[in-house]
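Let's take a walk through this one together. Have a look at the picture first, and then we'll go through it piece by piece.

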Amino acid sequence: MQNQLLAIVLLPLIAALATGFVGGKMPRHWAHWITTLSVAISCFLSINIAIGQLFDEVQPLNYNLYTWAQLGGLSLNVGFMIDDLTATMMAVVTFVSLMVHIYTIGYMKDDPGYQRFFAYISLFTFAMLTLVMSNNFLQLFFGWEAVGLVSYLLIGFWYKKPTAIFANLKAFLVNRVGDFGFLLGIAGVYMVFGTLDYAEVFKQINEGYTDLLIPVSDEIFWSATTFICIGLFIGAMGKSAQVPLHVWLPDSMEGPTPISALIHAATMVTAGVFMVARMSPIFEQSEIALNFIMVIGGTTALFMGFLGVIQNDIKRIIAYSTLSQLGYMVVALGASAYSVAIFHLVTHAFFKALLFLGAGSVIIAMHHEQDIRKMGNLKKYMKITYWTMLIGSLALIGTPFFSGFYSKEAIIEVEHFSKLTASTYAYICVLIGVFFTALYSFRLIFMVFHTEERMDEKTKSHLKESPPVIWVPLVLLAIPSIFIGYFLAPSIMSGEYFDGAIQVLTSHSMDASMVEHNQHPLYLALDAYKTLPFWLAMAGVLTAYIFVVKKPDWASKLKKALGPINHVLENNYYFDKIYINYFSAGGVGLGNRFWKWIDMAIIDGVMVNGTARLFTGLSAQMRKMQTGYLYHYVFVMVFGLLGFLGWLYWRTLNG
Amino acid sequence: MLENLPILSLLIWLPIIGAGVIIFGSGQKYKQLTQWIALITAAVTFVLSLWALNEFDSSRYYLQFVEDKSWIDSLSIRYSLAVDGISLPLIVLTSLMTLIVIISSWNNIKLRASHYLAAFLVMCGLMNGVFAATDAILFYVMWEAMLIPMFLIIGIWGGPNRIYATLKFFIYTFFGSVFLLIALIYLGNQADSFNIFNMHSMVIDAEVQLLLFFAFLIAFAIKVPMWPVHTWLPDAHVQAPTGGSVILAAIMLKMGTYGFLRFMLPIVPDASLEMANMMIVLSLIAVAYIGFVALAQSDMKKLIAYSSIAHMGFVTLGLFISFALIADNHLDAAVMGIQGALIQMISHGFISGALFLSIGVLYDRMHSREIKDYGGVVNKMPQFALFFMIFAMANSGLPGTSGFVGEFMVILSSFQVSFWIAAVSGLTLILAAAYTLWMYKRVMFGDVANEKVAALEDLTMRETIVFIVLAVMVMLFGLWPAPLLDIMAPSVQHLIDCNLVSKLTPEGMCS
């Protein structure tokens, strides 16, 4: 098993290095064969491991590969921890990655950076696997930043585009702000537990550790545990794009569509959610942190949903949808329903990857036109893309029987039953969010696939379904988008699925409240019409239908009526403006002032060169004394001698 | 036979003799020959340093490869050399970087190439001497003599404003050294020996310690350089030729922190403890304030120079928080802080050297250091872009590169002392990424900015080799720093156990 695990991680890395370094010199098809095959093997082995963990009750595995550093009594290692949670993530990551690899063969067919692209996505798979399989915080941070690096490289993949290289720098820096919190959180872990090893930390918690106080000032002390949780969660806010660190994700759509599906929807952005679930024993110790998480998640879920409604770029709609859905996952974390959060992560990975790849298929057909106002009636030309995207959207809005229904229903339920202070707010957010999810999803479906054809004649004449290498992954993703929820729901809701991998305090546990609702998934779906979210979703679809299909002119009227609100929405609540004008411009301005005023004027001008000038000036004065005239010197000598004799005389007198 | 080889003397004198040979071969006629001699000398020196590393017994803290000969008996000054786990890696680094500089300046220097190479060889020997000397006066002689070749390198082969820069560099550092000499003479008289390690076990009362502390501080802080005595560095870097910048950043700056470690911390620990807060604050200013200053630079070399100061702030931070950690009995964290400082020294040697070489590659082709003259270089130099990206990421402290290791360890251990120290130093995560990657974006990404960029050619074989070596080192110590840390560990442990204890009374001293 250990060899299998190594193979899972290293195969994508080797493939990435091979295509990255010699890719330019090999035929193009080699690049995709090498990377796709290695990821396929990884995927096969991962599913094998997941089956072993989940169904055959193989013992969880935790071991170190090598010692990264030995510092006094502390050893920092690189190693793997394989349990139900890890195995699930590994399977999801490698499966979506495999689909994206196949899809890329078609999508990037004519791109000059073909080999480079494959090298990057394989490298990403490696980095993501090291992140999820890690058994310690150090390696977690390595994977955490490595996926950030690949995301940076891929957003800026088309490096000639000014918007792309702006977006990738922005993404990296915003993530770094999150990582700042993350690193301090890790430092807190080291302070409290004296180790960075997961198992060791969890063991100490279960055996009853003593929380420390962090002195922030003479009067203020913070609970170290709360500090750790919030620090780590700030990292998650960066990676999983939670308000207010969400600004990079919409811009990341500048990257090629396959990576929007893989990195910015299915896997990397969910790393934050995974991390909190992995750390469930710590997060359980701090209700303050859990409340904080709920507020952030709820806000993201609802307010990013609003923004999805007003976008016209097909990828941006899905990007805001991703933000909103990440908010749903985070809210579940806050309610201590970690397994439900991971459940939604899994279902979302499938249907959101599907939606992105479907959007990519549309974009190719439209010759890289992304504005949905210039599309319409594509159903006629692209049957498979239409049906698969419809499936994805139905899953997203939580239609009964589809995978998203089960996971979203579970999230709304746990918010309903949570006893934390923030849960009411979160509950309202996720509930209203359901309406808006349905609204923007079906606005997209209607505008792209229904209504009249608004594209120009030239584009229209080329419209056709994408080749199999593109639609096969769509179909393969559509299957789990329908069924995965149905299969996983019973064990997740009863709390058995992640038994052992996730810890929940009894006082936070939803299991008791959920059990009453824990029916067979079939009945759950059949009873959906009795629940509020179902009707909210239907209302959303209906609203979309009215505004897009039946009365398109109502939309612009409503827009006018809601002038100021619309303005705020179109400016993304002014986050970007504030960040750019105050933080980035302010930072550079501050640097400039430090440099020009303190470094150059005071230190260099006054102190350093001032000293030099002082001595030059002094010596210039002293030089004047050396006139070269003998009588000047005699004059000074005589007076000097007189003065000296006078002093001697005076001294003798005074004894 | 090999066992009896005076390996440290060879590491010092071999490059100097090599320099002595080629210095007479100026002019075009002997250019190839002198280049080869320089290359072979540097290569042999590097191999010797590796051999020393291999022979070094890293399970013990004591000094190894000891050489001790009488030199000036009347003043009890001796020619004595030895290394421990702290100085040996620095010697290997010095020898490697000298070799790299000589390879990278191959056929690149038009004016008196043999003299240029000779200066680097002399400097290599002297710098190895600084790290190997165990006699304080020998140390001082090497320390001062080393300034001369660097003075010449900047002054002869430098940019337009080279005279101002090299004078500033020389006078600034020379000024500091005077105080060092006074301190060393005082200590030598008291101990009746100039052996540095004898000085470690001297009892010195608090007031004298404080005076000695400031003497050391002036000398070493200028060299590091610490805020506010750092302004010579950007000027020197901007004017220095590529090789000069590489050695300056990669090795010379380490002399200052090495001095802290060899002299200040063990000889005057009580004064250092008393002043630790001031040192921590100065280090944090270096990290945060200088980070902002770097953000405002439009000259690439200046930017990297400021970034060097910021990264060296982690070294001084790591060294001085250890006192607080020892006082609180967080011994593991103290080890982590000092080890972090040491590994940051080595890592910064590779990264800053690599970055200055990268800028040198661009400068050789475009004759400009201004960021605004570039744009879209990646279109023409994809190979270079890859290496430059690795080094830029290492400078941003990305895990998996050596730039991460030291900073991570220092931040983790400083959190134990104070939340605020960790928070301010943690700003480097954002600042270093911001100034490095913003520069990368403006220089490398985008469409080809102008005709000069359009005419760029990618790396030559020689440049590629140099970059591969540096990239491998940066990644190796990022992914697996354990071997390097293990070499240092016994010496660091010894430092903590014996040398950072109070020197006010003889109690508690190890020997």
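A quick term before we start: pLDDT is the predictor's confidence in each residue, on a scale from 0 to 100. You'll need it here, as this is a predicted model. For chain B, the average pLDDT is 90, and 98% of the residues score at least 70. The complex as a whole has scores of its own: the predictor gives an ipTM of 0.92 and a pTM of 0.92.

Now stay with chain B and look at how it's built. You'll find 22 helices and two strands in its secondary structure. Chain B has a radius of gyration of 22 Å, close to the 24 Å that the globule rule gives for 511 residues, so it is as compact as a globular protein of that length. Along its principal axes, the C-alpha trace of chain B spans about 70 × 55 × 40 Å. Inside, 64% of the 511 residues of chain B are buried. And if you take the contacts in chain B between residues at least 6 apart in sequence, 81% of them join residues at least 24 apart.

Next, turn to the place where the chains meet. Chain A puts 44 residues into the contact and chain B puts in 40 residues. On the side of chain A that touches chain B, β1 (61-71), α5 (137-155), α6 (162-193) and α26 (575-625) each supply at least two residues. Which element gives the largest share of that side? That's α6(A), with 15 residues. Sorted by class, the side of chain A that touches chain B has 29 nonpolar, nine polar and six charged residues.

Definitions and conventions:
Residues are numbered from 1 along each chain as its sequence is written. Chains are lettered from A and ligands numbered from 1 in the order in which they are written. This is a predicted model: local features need pLDDT of at least 70, side-chain atom pairs count only at pLDDT 80 or more; totals for chains, interfaces and linings use all residues. Two residues are in contact if their C-beta atoms, placed from the backbone, lie within 7 Å. Helices (H or I, at least four residues) and strands (E, at least two) are DSSP runs, numbered from the N terminus. Ala, Val, Leu, Ile, Met, Phe, Trp, Tyr, Cys and Pro count as nonpolar, Asp, Glu, Lys and Arg as charged, and the others, Gly among them, as polar. The radius of gyration is taken over C-alpha atoms; the globule rule is 2.2 Å times the number of residues to the power 0.38. A residue is buried if 20 or more other C-beta atoms lie within 10 Å of its own, exposed if 12 or fewer, and partly exposed in between; C-beta atoms are placed from the backbone.
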